[in-house]
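Please read it with the structure open.

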Amino acid sequence: MKRVSILGATGSIGCQTVELIAAAPERFEVVAMTGGRNVALLAEQARALKAQVAVTCHEACRDELAERLSGTGIEVAAGDAAIAEAAARPADWVMSAIVGAAGLLPGLAAIRQGATLALANKETMVAAGPLVLAEAQRHGATLLPVDSEHSAVFQALVGEERAAVERVILTASGGAFRDWPLERLAQATPEQAATHPNWSMGQRITVDSASMFNKALEVIEAKELFGLKPDQVEVVVHPESLVHALVGFNDGALMAHMGAPDMRHAIGYALNWPERRALPVERLDLARLGSLTFRAPEAARYPALGLARRVMEEGGLAGAAFNAAKEAALDAFLERRLGFMAMAPVVEQVLDTMSRDGLLRVDTPGLDAVLGADAEARSRAARAAATQA
Ligand code: NDP
Ligand code: MG
């Protein structure tokens, strides 16, 4: 029996993880499950999987969760500290699927107990990549990427010499506004941005796909996870979302990973690793698909990609500041305080001023420095958004 915990169980990735675990109850023992406001779903999931403990990050939701689980013997807890404590309970495999920088501390707690961490939460590597890798090494924890592109790269690298890798190419669908005229983008609404041509995902990552802030985070995530130089990570627009990533080797070979746009593949690969097992994912019919298309991303449409390059060159705390400023700009956009195309200038302004003030240049940032840069970037972004709007 594999002991598993699911952080962010009530979200898009979390629900798909629950589905795969529920399909093989004889193989898994569920330790902790966490969620946020969706207490009804968390209680239902915890009952179905017979979890030891269910935790909501909101103190105000504790009583409702306790009521829904009364008589089941399932422990109940609430608050951010309780989430990190749940992540620290001994488990073999932990899914990190909380959205945003809130996933960092629980993910670290799981790493520190030596669990294998299935990492959907890309913000963890963007904000604190070197720190996370060092902690994983110190505690003998394994990191398995769940982001589809990174899972694809990971799979293409099996059995390969790292020194032979020349480059990694991440594909991007181009998001909701791929084919919109550029001049219309400034007026795009949160509802329009929250529809994705190929993938079904949480609201925040879907909007980040339209702006390509998601791809910007993924470029940084790939650099950190696979130990690449900034110019070894490329992005290509691939509207069909069937090739998830490619790895280019020094002999000119490109290994591509293809599959249906269904996160259950990457989640299931991480859940079953190092084995492969059958998964309920559509099998592609290439003859019916006919063709695949690729094109370069336009810099004017996707300014976030340029910011990612800058963050990688700057290093230090730039990733933590970038992610936090992006989260604050996204909040402002979702609350209609900021236009769609005003998000990147807000993030750029935060990077500019924090760099000018010498707040990003730290050689090996510790956790306090990362959390400090995150908080500073959030407050600067909120101020910048108020003046840009
Ligand atoms: P969702 O918004 O669907 O789910 C987020 C989960 O985190 C929910 O369980 C939510 O609880 C919980 N949560 C929200 N805020 C907090 C908080 N402050 N503290 C603790 N828990 C919280 O997100 P996704 O599933 O789409 O994404 C999760 C992560 O996976 C993100 O980092 C995303 O970038 C990454 N990812 C997602 C993909 C996808 O297909 N969705 C693909 C690749 C990566 P509740 O809903 O109950 O309030
Ligand atoms: Mg992805």
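1. UniProt, in an unreviewed entry, lists Asp-147, Glu-149 and Glu-218 under "binding site". UniProt positions follow the numbering used here, feature names are shortened, and annotations may be inferred rather than shown by experiment. The three span 72 residues in sequence, yet no two of their C-alpha atoms are more than 8.2 Å apart, so they gather at one spot.

2. A word on the basis. This is a predicted model: local features need pLDDT of at least 70, side-chain atom pairs count only at pLDDT 80 or more, and totals for chains, interfaces and linings use all residues. Residues are numbered from 1 along each chain as its sequence is written, while chains are lettered from A and ligands numbered from 1 in the order in which they are written.

3. Asp-147 is found in the loop between β7 (143–145) and α7 (148–156). Helices (H or I, at least four residues) and strands (E, at least two) are DSSP runs, numbered from the N terminus. Asp-147 counts as buried because it has 27 C-beta neighbours inside 10 Å. The cut-offs are 20 or more other C-beta atoms within 10 Å for buried, 12 or fewer for exposed, and partly exposed in between, with C-beta atoms placed from the backbone. Neighbours within four places in sequence aside, Asp-147 is in contact with Ala-120, Lys-122, Glu-218 and Glu-221. Contact here means C-beta atoms, placed from the backbone, within 7 Å.

4. Glu-218 sits in helix α10 (residues 213–226). Is Glu-218 buried or exposed? It counts as buried, with 27 C-beta neighbours inside 10 Å. Again leaving aside neighbours within four places in sequence, Glu-218 is in contact with Lys-122, Asp-147, Glu-149 and Leu-170.

5. Now ligand 1. It is surrounded by 29 residues, counted when the C-beta atom, placed from the backbone, lies within 6 Å of the molecule. The closest are Gly-11, Gly-36, Asn-38, Met-201 and Gly-202. Helices α1 (12–22) and α9 (203–211) each supply at least two residues of this shell. α1 gives the most, with three residues.

6. Next, the strands. β1 (residues 2–7) runs parallel to β2 (residues 28–35), joined by four bridges; strands pair if DSSP finds at least two bridges between them. Lys-2 stands opposite Phe-28 in β2. β1 also pairs in the parallel sense with β5 (residues 93–96), over four bridges. There, Ser-5 has Val-94 as its bridge partner.

Terms used: Contact = placed C-beta atoms within 7 Å.
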